[in-house]
Structures are given as C-alpha cells and as structure tokens.
Amino acid sequence: MLITVSSGLFAVGMWLGQFDFPMSPGQALIFPWVGAAIAGYSACALAWFATGLLRYPCIEVSPAGLKVTGFRSKQTVKWEDVADIVPRAEGKNPEIDVVLNDRARADVDIFYRGPLAPSYMHAQRSVHITADLFAVGALPLLDFLDYYAFSPEDRAELADGRALRRLASMGQPTPDV
C-alpha cells in the first residue's frame with residue numbers, strides 16, 4: 001500500500017511541478033510515467049489480495065492430510081497418497097515437492113480463471129511448496145512434513161497443538177552432551 005501511495009504521489013508531484021530534482025528533460029518526461037506505472041501495478045496487486053483472487057501461501061496440516069494454498073490454487077492431499085517428500089532448489093529458492101503415489105491425485109480448488117490460472121492436470125500430479133516463503137525456514141518445514149508423512153502413529157499431534165512444539169524444536173540445534 002505504501003508503494004502505491006508513494007509512487008502515485010511522486011508521479012502527481014512531478015506532473016504538477018512540485019518536485020524539483022536536477023535531471024535531464026528526458027528523465028523529467030519519463031520518471032512520472034514510471035512512478036504512475038509502479039503505482040498502478042501495486043494497486044492491482046493490492047486489489048487482487050483484497051478481493052481474494054490472489055492469496056498468500058499457507059500450509060494446513062491435519063491428521064487427515066495436507067492442504068497447500070498457493071497464490072492461485074489450493075491443493076489437498078491425504079497422507080496415505082504421499083509417496084515421498086523431496087527437497088529441491090529452483091535457483092537460490094528452496095522448494096519442497098510432495099510426490100504422490102502412482103494413481104493418487106490432489107484435490108484442486110483454483111481461485112480464479114484467466115490466462116495465469118493453473119491447469120487442473122498440472123496441479124493434481126504433484127504438490128509444490130515454495131519453502132522460503134515460510135518463517136520457520138525450509139529445513140524445519142521439510143523435516144516437519146516428512147515426519148508426519150511417514151509417522152502415522154503421531155498424526156494425532158496435529159489436532160491438539162503438540163505438533164507446533166515439535167515444529168519449533170526441529171529448527172533448533174541439539175545440545176552436545
């Protein structure tokens with residue numbers, strides 16, 4: 001929101017002559033349009049978030065399964081359908097892929113239609129998590145999901161809050177004894 005307001009004020013101030021910066025005539029012509037474009041882009045992104053068409057990623061875990069909400073869709077997977085949880089790196093960004101069994105498919109809820117909407121077939125075959133968007137960190141999140149995917153006897157912890165303590169302890173170094 002601050003980007004929208006500040007870029008918009010910059011563009012309007014330049015057009016009205018309220019800002020006096022030492023610059024060439026070409027810069028004075030282009031900079032207000034750049035500020036207006038940035039303000040427009042950030043206003044559109046803000047509107048997408050406000051209307052629910054674009055959502056911030058989150059992960060919900062329960063004894064029944066895993067729900068991964070991305071920017072454009074929500075994928076739901078039962079724990080029994082998880083074959084493996086694999087760490088990946090796309091460039092410098094850590095990612096986690098939840099690999100499904102051969103015949104398993106994720107339930108998909110796509111938030112909107114349009115040219116940037118994901119396809120159902122692409123979304124059903126794997127669950128992709130961009131791990132660097134979460135405050136706990138990529139490695140504790142990977143360990144957490146891997147633990148509950150392959151420890152069905154402990155999944156009851158996901159319903160009563162004990163899993164939060166486990167997640168908090170996964171990112172901590174163990175003391176040398």
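The model is predicted. The protein chain has 177 residues, of which 31% count as buried. Its secondary structure consists of 6 helices and 7 strands.

**Overall fold**

- Read from the N terminus, the elements follow the order α-α-β-β-β-β-β-β-α-β-α-α-α.
- Of the contacts between residues at least 6 apart in sequence, 51% join residues at least 24 apart.
- The protein chain has an accessible surface of about 11400 Å². Carbon and sulfur atoms account for 61% of that surface.

**Helix α1**

- Helix α1 covers residues 2-16, a run of 15 residues.
- From its first C-alpha to its last, α1 reaches 21 Å, which is close to the 21 Å expected at 1.5 Å a residue.
- The buried residues of this helix are Thr4, Ser7, Ala11, Gly13 and Met14.
- Helix α2 (25-51) is included in what covers these buried residues of α1.
- Gly17 follows α1 and has a positive phi, near 80°.

**The nonpolar surface patch**

- A nonpolar patch on the surface is formed by Ile3, Val12, Trp15, Leu16, Leu29, Ile30, Phe31, Trp33, Val34 and Ile38. Together these residues have about 1000 Å² of accessible area.
- The elements that contribute two or more residues to the patch are α1 and α2.
- Helix α2 provides the largest share of the patch, with 6 residues.
- Ile38, one of the patch residues, is located in helix α2.
- Ile38 counts as partly exposed because its relative accessible area is 39%, and the partly exposed class lies between under 20% (buried) and over 50% (exposed).

**Glu95, a buried residue in a strand**

- Glu95 belongs to strand β5, which spans residues 93-100.
- Glu95 counts as buried because its relative accessibility is 8%, and the cut-off for buried is under 20%.
- The side chain of Glu95 makes a polar contact with the side chain of His128, at 3.3 Å.
- When neighbours within four places in sequence are left aside, Glu95 is in contact with Val86, Pro87, Arg88, Glu90, His128, Ile129, Thr130 and Ala131.

Key. Residues are numbered from 1 along each chain as its sequence is written. This is a predicted model: local features need pLDDT of at least 70, side-chain atom pairs count only at pLDDT 80 or more; totals for chains, interfaces and linings use all residues. Side-chain values use heavy atoms; hydrogens and water are left out. Helices (H or I, at least four residues) and strands (E, at least two) are DSSP runs, numbered from the N terminus. The expected span of a helix is 1.5 Å times one less than its number of residues. Buried means under 20% relative accessible area, exposed over 50%, partly exposed in between (1.4 Å probe, protein chains only). Contact means heavy atoms within 4.5 Å. A polar contact is a pair of N or O atoms within 3.5 Å; within protein, one must be able to donate a hydrogen and the other to accept it, and residues adjacent in sequence count only if both atoms are side-chain atoms. Patches are made of residues with over 30% relative accessible area and no salt bridge: like charges are joined within 9 Å, nonpolar side chains (Val, Leu, Ile, Met, Phe, Trp, Tyr) within 5 Å. Accessible areas come from the Shrake-Rupley method with a 1.4 Å probe; for residues, only the protein chains shown count as cover. A salt bridge is a side-chain nitrogen of Lys or Arg within 4 Å of a carboxyl oxygen of Asp or Glu.
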